[in-house]
Amino acid sequence: MKDMEANIVIVDDTPDNLRVFMNILTDKGYRIRPVSKATRALSMIQVERPDLILLDIKMPEMSGYEVCKQLKADVQTCDIPIIFVSALHQLSEKVKAFAAGGVDYITKPFQAEEVLARVETHLTLARLRHHLEEVVESRTTALKNSEQQYRLLIEQVKDGIGILQKNSLVFANETLQKLLGIPKNQLLGKTPAELFKQTDLSSIKPTEDSADPAQASQWHRFEFMASPHEKELWFEGLHSSINWEGESAVLITIHDITDHKLKELELHREQEQLRNENIKLRSVMKDRFRFGKIIGKSPAMQNVYEFIEKAAESDVNVVIYGESGTGKDLIAQSIHEMSPRHKKQFVPVNCGSIQETLFEREFFGNRKGAFTGALSDQPGFFDAAHQGTLFLDEVGELSLAMQVKLLRAIELKSYTPIGDQKAKQADVRIVAATNRNLQTHVKQGLMRQDFFYRINVIPISVPALRERREDIPLLIEHFLGLYSSQTAQDNLPGNILEALYAYDWPGNIRQLQNVLLRYLTLHRLDFDETGKEDEHLKINLTGKQGLWEIVQNLEKRLIIETLEQNHGHKTKTANMLQIPIQTLRRKIIQYQIE
């Protein structure tokens with residue numbers, strides 16, 4: 001039977017679609033039977049068996065998936081190749097199609113050449129499979145006589161064909177050799193893992209009863225990438241269980257889908273680019289009040305927003321300069337969230353709390369048994385931030401020795417965990433922050449020049465709050481909304497607003513937040529020259545609190561402020577408070593300090 005004599009049934013409830021398919025296939029000499037109803041198609045197929053079925057998915061009486069399942073459940077029709085045709089392009093729909101028993105999936109709108117190529121391929125494969133089954137089942141002298149015929153047929157197919165038996169390749173046609181770029185003497189004997197790298201191979205194995213026609217007709221799809229002739233190519237494969245020389249085996253066909261895959265990847269890149277552009281478009285207006293979690297509409301902050309956008313577009317290292325409390329950590333998070341690395345981790349590290357003796361362990365991790373007490377493998381900051389962003393807060397606190405080790409990992413893009421002999425890839429983007437002048441540090445010998453230039457590719461200066469006073473009302477409004485559930489006050493008296501606006505805020509936004517929260521709680525506004533509220537000296541005795549409760553509250557506030565000043569470092573906090581570290585830990589638990 002030639003291709004042009006093939007009998008094809010087209011099932012689609014849309015007359016226009018039936019007409020288009022008939023025009024395409026009739027011109028090539030195929031015998032076409034169009035059907036607009038699923039139930040009628042099932043009856044027609046039982047009366048006269050077609051060679052191939054083109055099946056729509058969405059139909060009023062019955063879905064294409066149900067039609068396919070009924071045909072596959074019938075021994076008389078289970079081996080008819082069914083190609084789904086649908087405008088549904090989601091991956092989940094394609095998975096359902098192949099799970100139902102379909103051999104291919106054409107997405108509308110389609111090209112006539114694509115339809116003809118796929119129909120021709122699956123008609124040829126169907127004839128080949130029937131022929132192979134007849135040859136294997138006969139087990140007679142006819143096998144040898146017909147071997148040359150079916151080999152010739154296999155070589156004429158444009159797809160690569162192979163047969164796996166006992167987890168190794170025992171047959172390959174010439175097309176398969178050319179597609180994979182491997183000579184036949186090297187190809188035979190290879191395992192599926194060697195042929196189809198980075199592919200889930202769990203389904204590429206013969207079924208327990210491959211002689212069962214219903215089982216043998218189940219085709220499974222897979223994709224893999226290979227690099228013949230040092231050129232990356234994408235392939236789509238189908239595999240099904242067969243009987244080969246009296247034993248169970250797997251028949252595999254593959255064809256090149258590189259062009260289609262590249263278009264798919266390009267579409268994905270365009271979608272990702274559009275997503276990023278949408279994020280940027282939402283924040284390009286000069287009158288914007290917010291940028292992510294950052295609040296401010298002043299010209300100084302608009303300038304910062306532009307630097308954030310530029311930094312997010314690139315993958316180079318960034319240093320954020322600014323006084324304590326200006327929100328450098330929020331800027332670092334915004335850069336990460338707008339960058340291509342946004343799907344991976346943002347790992348903040350307080351450099352001031354890293355002890356020099358523990359630097360390699362903290363940043364690079366360690367292997368089990370690397371030192372006493374190393375009972376298991378422990379990941380480091382570089383492991384956690386792989387393909388993401390490593391935020392080095394207070395980077396000016398790193399010692400020269402720590403700078404050398406960190407610089408080596410950044411330059412070589414690799415590091416070695418303690419106790420390991422094998423280096424690991426260091427794919428991280430460095431964003432650092434400091435309230436110091438790093439150029440002065442370099443001149444004073446406190447920072448290595450090569451380390452400074454390596455991290456200081458894009459410098460971003462964050463203005464102090466006193467340099468952008470027009471943002472103070474916005475910040476006050478934000479904090480009032482934030483604490484509205486805790487206090488009944490949703491606005492401030494004019495004299496309080498004036499006092500907040502006129503103050504210089506040496507502690508910046510963090511201090512403004514603390515002062516505002518203190519005012520909402522105690523109903524009095526207190527500042528001192530260091531930027532900290534002198535609340536432990538100014539107490540309103542209302543008679544509702546006794547001396548012991550007031551002392552406890554003061555002690556809790558003092559511990560919190562000292563912890564904030566030391567960025568959460570408990571040892572430094574205990575030393576500053578002149579108490580044992582055990583006492584500090586006990587009081588943190590007692591006062592439920594996070």
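Let me start with a definition: Ala, Val, Leu, Ile, Met, Phe, Trp, Tyr, Cys and Pro count as nonpolar, Asp, Glu, Lys and Arg as charged, and the others, Gly among them, as polar. Now the ground rules. This is a predicted model, where local features need pLDDT of at least 70, side-chain atom pairs count only at pLDDT 80 or more, and totals for chains, interfaces and linings use all residues. Residues are numbered from 1 along each chain as its sequence is written, and side-chain values use heavy atoms, without hydrogens and water.

Next, the spaces. A cavity is a set of points where a 1.4 Å probe fits but cannot get out. A pocket is an open set with protein on both sides within 12 Å along at least five of seven lines. Lining residues have an atom within 4 Å of a point. Points join across faces, edges and corners, and a volume is the space filled by probe spheres set on them.

The largest pocket holds about 1800 Å³. Its lining counts 50 residues, and nearest the centre lie Glu114, Arg118, Glu236, Ile257 and His260. By class, that lining has 18 charged, 16 polar and 16 nonpolar residues. Which element gives the largest share of it? That is H11, with ten residues. Helices here are DSSP runs of H or I with at least four residues, strands are runs of E with at least two, and numbering starts at the N terminus.

On to the cavities. How many reach 30 Å³ or more? Two do. H5 gives the largest share, four residues. Eight of the lining residues are nonpolar, two polar and three charged.

The second largest cavity has about 40 Å³. Its lining includes Gly162, Leu176 and Phe196. Strand E6 (160-165) and E10 each give two or more residues to it. The classes are seven nonpolar, one polar and no charged.

Last, the sheet. Strands of a sheet pair through backbone hydrogen bonds, either parallel or antiparallel. Two strands count as paired if DSSP finds at least two bridges between them. Here, five strands form an open sheet in the order E7-E6-E10-E9-E8, with antiparallel pairing. E7 (168-172) and E8 are the edge strands, each pairing on one side only. E8 and E9 run antiparallel and share seven bridges. Arg221 has Leu238 in E9 as its bridge partner.

Methods: On a 1 Å grid over the protein atoms alone, a cavity is a set of points where a 1.4 Å probe fits but cannot get out, and a pocket is an open set with protein on both sides within 12 Å along at least five of seven lines; lining residues have an atom within 4 Å of a point.
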